[in-house]
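Hello,

Here is the structure for your files. My notes follow below it.

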Amino acid sequence: MVTDHGRPIARIVPISLSPFERLVAEGEYVAASTTKIFTPPIDDPPGRPSGKVLDELRSDRL
């Protein structure tokens, strides 16, 4: 406690961590890296279009 002529004027307390800071300090959360990874689009595999396959599957339910 900080006093001025014997009268309390301030209290010194430990800094409390935010919930996020606590998770980081306890190793429960690891921040993602800032490196952006580019993944090229995947080309459609050869064969029947997926729409046709889905139509066939759906027709089996009717």
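**Charges, shape and contacts**

The protein chain carries 8 positive and 9 negative charges, and their mean positions lie 6 Å apart. Lys and Arg count as positive, Asp and Glu as negative; His and the chain ends are not counted. Each charge is placed at NZ of Lys, CZ of Arg, CG of Asp or CD of Glu.

This is a predicted model: local features need pLDDT of at least 70, side-chain atom pairs count only at pLDDT 80 or more, and totals for chains, interfaces and linings use all residues. Residues are numbered from 1 along each chain as its sequence is written, and side-chain values use heavy atoms, with hydrogens and water left out.

The protein chain has two helices and two strands. These are DSSP runs (helices H or I, at least four residues; strands E, at least two), numbered from the N terminus. The order from the N terminus is β-β-α-α. The radius of gyration is 30 Å, well over the 11 Å that the globule rule gives for 62 residues, so the protein chain is more spread out than a compact globule. The radius is taken over C-alpha atoms, and the rule is 2.2 Å times the number of residues to the power 0.38. The C-alpha trace spans about 90 × 35 × 20 Å along its principal axes.

Of the 62 residues, 0% count as buried (under 20% relative accessible area; exposed is over 50%, partly exposed in between; 1.4 Å probe, protein chains only).

The structure holds one salt bridge (a side-chain nitrogen of Lys or Arg within 4 Å of a carboxyl oxygen of Asp or Glu). It joins E26 and R22, at 3.2 Å from N to O. E26 is partly exposed at 48% relative accessible area. R22 is partly exposed too, at 38%.

Best regards
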